[in-house]
Amino acid sequence: MKRTIEIMDTTLRDGEQTSGVSFSASEKLTLAKLLLDELKVDRIEVASARVSEGELDAVKQITSWAKSQGYLDRIEVLTFIDGGVSLEWMKKAGAKVQNLLTKGSLNHLTHQLKKTPEQHFKAIAKVIAQAKKQRITTNVYLEDWSNGMRNSKKYVFEYLDFLATQPIKRVLLPDTLGIITHTETYEYLSEIVQQYPKMHFDFHGHNDYDLGVANIMEAVKAGCHGLHLTVNGMGERAGNAPMASAIAVINDFLPEMKINVNEKALYKVSKLVSAFTGVGIPSNKPIVGDNVFTQTAGIHADGDSKNNLYFSNLMPERFGRKRKYALGKMSGKANIQKNLQELGLTLNDDELKKVTARIIELGDKKERVTKEDLPYIISDVLDTDFKQSVFVKSYVLTHAKGLQPSTTLSMEINGKTYEENASGDGQYDAFMNALHKVYASQKKALPTLTDYAVRIPPGSNSDALCETIITWEMDGKEFTSRGLDSDQTVSAIKATEKMLNLIAP
Ligand SMILES: CC(=O)SCCNC(=O)CCNC(=O)[C@H](O)C(C)(C)COP(=O)(O)OP(=O)(O)OC[C@H]1O[C@@H](n2cnc3c(N)ncnc32)[C@H](O)[C@@H]1OP(=O)(O)O
């Protein structure tokens, strides 16, 4: 029978300890719903007690929603040994599970709390008893436990002996500074799990040596019952073990384990956390990075069409994503064919060679080429019949202090001229609102904008040029268009004009 591993997400507590990150109450509530209902993690840690009024409000909103869903026992708050102050805070917040922060190393106990083990255990027993009286469940963190195992093992086991006598639900073992190797993780946890077979142990890994995922894997093998993870590996310093990679590793390499997490929701949650925190996802971040399902080299693209030679278990569709084929100087015919197929275009061998040569030439100049540029390149290289049918003819963009930005827009579509005005939250938003009016007047739908990135193009030799790359979605298909101009809004409008021509009948 498979052994179930509980997944506790701590993006909203430990993840928020990323320098410069602060979630608003409504963002915390939105993420709490997504984490429990769509990603289907078992538990979430949502805040540390006592932090601020804003945190209190956020936890109140989450507990009130969770209560209505019957989820209160899945919402956890980190608390302190403070004579009941944290418990009072929890009561106000309506939370029912505390993760009590205690000292897992003699070093921390002696130098930070300046207590003896006996004094510490007595104070902890008091908080646990108080919590029990208030019907609050207690889990206990042994902060700096990994250092404790290295330097004060006798203390750790004395402490665990004491905890075994206490009415607690789980023992939470953090590698607080991310200092242990995968071998130590396995060794320390095996010893503990075997010595206390009736207790539940969670492992909480940090990523300071980039060993977060390796360590959670060993923790599971050693018999741990739960893992703490954060979306995108958010967290203090180098962050925590990242959710997406950890889930894929458990599913693919530990088939005797069962987890409830829904792989298909990993990408969506990752994007939302990135949007709320303003912390970008590195393009090579496993599972969720922009580039991780893109084949760049011509040989790889070719092999994909020949018995799926370059496919692995890590299929993009598992995570709600799609394989892409990059265009640039490392492209061969196969990359271009794959992109043409998606656009519904066909070229003969000779044409394909010419287009490939042009794309390599553009790549050599460090130009970014997207699938959506192909019709323009083909038309240019082969002097063929890609006729632009949609033109942004002219526009006025206004931006004045104290007034909403607005746009007056004139478009030509299949030879007919349309004019509209609209306001918006920014100049581009106003432009899009005017565009929507033009298309609505013809009963035509526009794609949804799903991503918008602005950068200085590499190799442009001028910081006055700016490139806007917009990702769109329509009828389940995702596509990207690109515009280049010295003005940011104009570059976005150029990218939008390209998109309009691609969807034009
Ligand atoms: C494993 C982790 O990631 S732990 C993360 C825990 N969460 C947080 O720290 C949340 C953010 N922190 C805060 O908002 C604040 O630090 C608060 C509200 C918790 C406390 O603020 P302050 O009262 O100003 O104290 P300060 O931040 O200086 O914390 C140090 C005090 O906490 C004490 N302390 C350390 N660990 C604990 C503990 N487990 N339980 C109780 N007190 C503790 C220290 O001994 C020190 O006390 P002292 O001033 O008497 O020497």
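**Helices and a cavity**

Guide: Let's start with H7 and helix H8 (residues 182-195), which pack at an angle of about 30°, with their axes 12 Å apart. Helices (H or I, at least four residues) are DSSP runs, numbered from the N terminus. Axes are lines fitted to C-alpha atoms, for helices over the stretch in contact, and angles run from 0 to 180 degrees between N-to-C directions. This is a predicted model, where local features need pLDDT of at least 70, side-chain atom pairs count only at pLDDT 80 or more, and totals for chains, interfaces and linings use all residues. Residues are numbered from 1 along each chain as its sequence is written, and side-chain values use heavy atoms, with hydrogens and water left out.

Visitor: So are H7 and H8 roughly parallel or antiparallel to each other?
Guide: Roughly parallel, because of that angle. Angles under 35 degrees count as roughly parallel, and over 145 as roughly antiparallel.

Visitor: Which residues in H7 and H8 meet?
Guide: Lys153, Phe157 and Leu160 in H7 meet Glu191, Ile192 and Gln195 in H8. Contact here means heavy atoms within 4.5 Å.

Visitor: OK, and how do H5 and H7 pack?
Guide: Helix H5 (residues 117-133) and helix H7 (residues 153-163) have axes 11 Å apart, at an angle of about 30°. H5 and H7 are therefore roughly parallel to each other too. The H5 side of the contact is Pro117, His120, Phe121, Ile124 and Ala125, and H7 brings Tyr155, Glu158, Tyr159 and Phe162.

Visitor: What about H1 and H11, at what angle do they cross?
Guide: At roughly 170°, and the axes of helix H1 (residues 25-38) and H11 come within 11 Å. That's why H1 and H11 are roughly antiparallel to each other. Among the residues in contact are Leu31 and Leu34 of H1 and Leu272 and Phe276 of H11.

Visitor: Switching topic: how many cavities of 30 Å³ or more does a search of the whole structure find?
Guide: One, and about 40 Å³ of space lies in the largest cavity. A cavity is a set of points on a 1 Å grid over the protein atoms alone where a 1.4 Å probe fits but cannot get out, and lining residues have an atom within 4 Å of a point. Grid points are joined across faces, edges and corners, and a volume is the space filled by probe spheres set on the points.

Visitor: Where does the largest share of its lining come from?
Guide: From H11, with three residues. The lining of the largest cavity includes Leu266, Val269 and Ser270.

Definitions and conventions. Helix = DSSP H or I, 4+ residues; strand = E, 2+ residues; numbered from the N terminus. Parallel < 35°, antiparallel > 145°, perpendicular 65-115°, else oblique. 1 Å grid on protein atoms, 1.4 Å probe; cavity = no way out; pocket = protein on both sides within 12 Å on 5 of 7 lines; lining within 4 Å.
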